[in-house]
Amino acid sequence: MTSNTRVVVIGAGLAGVRLARRLGELGTPVTLIGEEEHRPYNRVLLAEVLAGRYSPDVIALPAPAELIRGRVTGIDREVRAVHLADGSEIAYDTLVLATGSNPVLPPLRGLFRDAYLASARVAGEPTRSSGRESGGRPPERHSTPDHVLPEGVHAFRTMDDCLGLSKAVRPGVRAVVIGGGLLGVSAARALARRGAQVVLAQQSERLMERQLDPNASALVERHLGDLGVEVHTECRVRDVRCVGGAVRSVEMHDGYALDADLVVLACGVHPRVGLAQIAGLEVRKGIVVDDELRTSDPHIRAVGDCVQHDGTVYGLAAPALEQAEILAESLSGRTNARYTGTRSLTRLTLAGEGFFDLAAFGETEPRPGDDVVQLTDATRGTYRKVVVRDDRLVGGVLVGELGTVGALARAWEGAEPLPDDGPLLHLLTNDGGS
């Protein structure tokens, strides 16, 4: 690729910024287009901003030289140009989609259908009726605008979402967090640290069920309970009750109602693929890419949360950053490296008063014939479990104040045969650093 090749990156999140900066370091000029008015920031740390530990400036990312703020409305693949909402046009030789993901809006009565209809009116799109309460999937937007959701109801995905929540929360406010995954746990803890009376409603039988086993989930619930968070599992929310356009309560499937001044939607995300679909690119669960992170158009690549590679949509920071690094090297002509997937580790550190740390990687549930090494300290509230298969570490889950994550993760990522049990037990019991 020559030095005057025009590379345009759509999306100023972690993946887009890492790609743009790395390309700049390698001497390849790049134009980064970001929709949000804020400086690019580390989305992983939004809960720390909500908790009041960090200011927005602390989690800002170093922006590349050429950053354009604007909303891309379309891609003209024939002339290789992107169109912006202000009427401008930017030509490209190679286009990279790093559009990220959107928060999932659950199909709740009093919320989703009204939000969908309002969003469609704002976007100028025709409304559709599926004959269901949800009214279909809302149009793709970078975030859910506050004027669409009822007053007091917030998604938790962008800096604007975070700042809106920060402004609304105060000591004693009644907050209901819907969703007990990684984001919901982080949001509930952050709100509790700000003095809110928090209820976390999780539909499945335990918290963070995708990452943690039952024992680890129980410790997370215990930690939240120590902070005053009331956790309800196997609890399905069906209705958001509003008075005068402002939320007043949420109703469970069994008819039980929880008073609420704030409702936080932490129900997951879905890849943001609207631009790719309109442009006619292949999209399944995400934008389909090959090992060169190339889409069905040879002049368009994609990285990050919006991507589906080898059937997998990761939606995590580590794969996004790895994809960005590999693509930067490839576009700069430095290497013919290929992306073959990421063995990612989920890490959540809840610092401040009541420090809490957890990590999960690989397969946390054993298969028949696997060996399991498990250590529990009820007094300290720590739990450590690893799964070994054919003398190889295939997964683990660690909860509490951890100093073993780095060493265990390296053993897992290397996929090398383990020595005898002594070194493994040493790793599990060593608090001397990561």
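The largest nonpolar core of this predicted model has 44 residues, a nonpolar core being a set of buried Ala, Val, Leu, Ile, Met, Phe, Trp, Tyr and Cys residues joined through side-chain atoms within 4.5 Å. Buried here means under 20% relative accessible area with a 1.4 Å probe, protein chains only. I75, V82, L95 and L97 have the most contacts inside this core, and helix 8 (residues 317–331) gives the most to it, with 6 residues. Helices (H or I, at least four residues) and strands (E, at least two) are DSSP runs, numbered from the N terminus. Apart from this core lies another, of 42 residues, with V169, L200, M208 and V220 among them.

Now to strand 7 (residues 94–97): L95 and L97 point one way and T94 and V96 the other, and all are buried. Strand 7 pairs in the parallel sense with strand 1 (residues 7–10) over 4 bridges, pairing requiring at least two DSSP bridges. V8 sits opposite L95. On strand 19 (residues 300–302), which pairs parallel with strand 7 over 3 bridges, A302 is the bridge partner of L97.

Elsewhere, 5 strands make up an open, parallel sheet in the order 9-16-10-11-12. Strand 9 (153–155) and strand 12 (230–232) are its edges, each pairing on one side only. Strand 10 (residues 174–178) and strand 11 (residues 197–201) share 5 parallel bridges, with R174 opposite Q197.

Residues are numbered from 1 along each chain as its sequence is written, and side-chain values use heavy atoms, leaving out hydrogens and water. Local features need pLDDT of at least 70 and side-chain atom pairs count only at pLDDT 80 or more, while totals for chains, interfaces and linings use all residues.

Conventions
Buried means under 20% relative accessible area, exposed over 50%, partly exposed in between (1.4 Å probe, protein chains only).
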